[in-house]
Structures are given as structure tokens and as C-alpha cells.
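My notes follow the order in which I looked things up.

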Amino acid sequence: MYWLHLTKKQKKRITQVLSTAEIQDPFADQSESLHWTALMITGTAETAKRSVIDATGLAETRSREFRDWLVLWAHLATARTALSTVSSSIHETAKRYADWTCSHNSHEPLSWAEIRRLQELDTGKVVQQLDVLARAVLVLHGCHRASFEDCVLLLDVPLQSAVGAYCTAHEWFKAFTKQADRGAADATSATYSFPLQPKWTFGA
């Protein structure tokens with residue numbers, strides 16, 4: 001299972017981004033991320049708040065490697081708690097994807113930059129646009145890099161439904177961010193007067 005160990009890339013990333021204080025307290029900057037994970041799945045702030053797992057006390061006297069692993073465990077535990085509150089809705093929604101087909105050869109997880117971009121979006125808008133299964137798989141596979149097999153076990157849905165839901169979520173995310181980028185480019189072009197030989201162009 002993906003959450004039982006840290007990969008070399010994860011260890012390197014953690015070392016690069018955490019300050020000394022954050023290394024001592026690995027949950028220093030995790031509260032918002034844990035809440036976002038729960039909110040994306042449940043769709044409601046109150047349920048998300050009840051779903052967040054606080055493991056701060058468990059990390060105080062443990063090794064660095066254990067604390068790093070505990071951060072990942074907290075995200076999984078929070079996701080599992082959130083999933084349990086919407087399990088009936090997930091099972092009902094899975095039926096929509098029973099006959100899903102697409103032309104994509106693979107459905108890769110999001111890049112770190114894409115995850116950051118997703119977290120910056122208005123979560124309320126995401127909840128309005130995507131159903132509960134699509135959001136759940138987007139968080140599990142897209143953000144936390146769980147395999148589709150793990151998603152099937154966690155969600156208790158058919159593989160085809162899990163893949164179909166992720167494909168739907170990923171395509172929406174790409175279309176939404178593309179539209180947002182175009183709007184930002186148009187707004188910038190209208191606001192600033194570029195020199196005769198601009199140093200950059202939009203849409204290049």
C-alpha cells in the first residue's frame with residue numbers, strides 16, 4: 001500500500017521544503033491540507049472538520065522518519081474517515097460510470113504543480129462541478145498517488161467506475177485551469193502596455 005512507506009522522492013521533497021521548526025513538528029503546516037482533503041471528499045465544511053485526524057501528539061518523541069511517515073498516515077486516516085461519511089453517495093454515484101469508456105492510454109496522477117493549483121481553486125466550485133466519487137478519486141489517485149487498485153479497496157467501487165470518475169475529474173480540471181489561464185492572460189494584456197519587442201507572449 002502506498003501510504004506505508006516514503007519513497008526516495010518524497011523524502012527528498014520533505015527535506016527540501018520543511019524548515020527546522022516544521023521538521024520538529026511535522027504537522028505545523030498540515031492542518032489546512034488535511035482539512036482540504038476532507039472537504040474535497042465530503043463537500044461540507046462541518047463534516048470535513050469532524051473527519052480530520054490529528055496525530056500531533058503521536059509525533060512528539062519519535063524518529064524523524066516515523067514523523068514523516070505519520071504525516072502521510074494522517075492524510076490517509078483523514079481520507080478514510082471522510083469517505084465513511086459519504087460512502088452511500090459514492091456507491092450510488094459509481095453506477096453512473098458502470099459503462100465508462102475513454103480513449104486515454106493511461107490516467108496519471110497530478111504533478112506537484114497541478115496539485116498546488118487544485119488546492120488554490122475555490123473548493124466550493126469544485127464540489128459544485130464534480131460528483132463525490134470524482135472528487136474522492138481525484139484526491140486519492142490524483143493527489144495522494146494511490147493506485148486504482150487501492151482506490152477500489154478504499155471506495156468499494158468497481159475499477160471501471162474509479163477510472164471513469166478520475167478521467168472525468170482530470171478532464172474537468174484541465175479544461176477549467178485552461179479557461180482560467182486564458183482569462184488571466186486576456187486581463188493582463190488589457191491592463192499592461194507591452195514594449196514593441198515583448199519579453200514574453202501568452203499562449204506560447
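Which pattern does the chain follow, read along the sequence? I read α-α-α-α-α-α-α-α-α-α-α. I count eleven helices and zero strands; these are DSSP runs numbered from the N terminus, helices being H or I with at least four residues and strands E with at least two.

Ground rules next. I am working on a predicted model, where local features need pLDDT of at least 70, side-chain atom pairs count only at pLDDT 80 or more, and totals for chains, interfaces and linings use all residues. Residues are numbered from 1 along each chain as its sequence is written, and side-chain values use heavy atoms, with hydrogens and water left out.

I checked confidence. Mean pLDDT (the predictor's confidence in each residue, from 0 to 100) is 76 for the chain, and 67% of residues reach 70 or more. Helix 6 has the highest mean, 97, and helix 2 (residues 20–24) the lowest, 43. Over residues 185–204 pLDDT stays under 50, and I find six contacts beyond four places in sequence there. A contact means heavy atoms within 4.5 Å.

I turned to the interior. Of the 204 residues, 40% are buried, meaning under 20% relative accessible area with a 1.4 Å probe, protein chains only. The largest nonpolar core has 42 residues. Such a core is a set of buried Ala, Val, Leu, Ile, Met, Phe, Trp, Tyr and Cys residues joined through side-chain atoms within 4.5 Å. Helix 9 gives the most to this core, nine residues.

I looked up Leu118, among the residues with the most contacts inside the core. Leu118 touches Trp36, Met40, Leu110, Leu138, Cys143 and Phe173, leaving out residues up to four places away in sequence.

Key. Buried means under 20% relative accessible area, exposed over 50%, partly exposed in between (1.4 Å probe, protein chains only).
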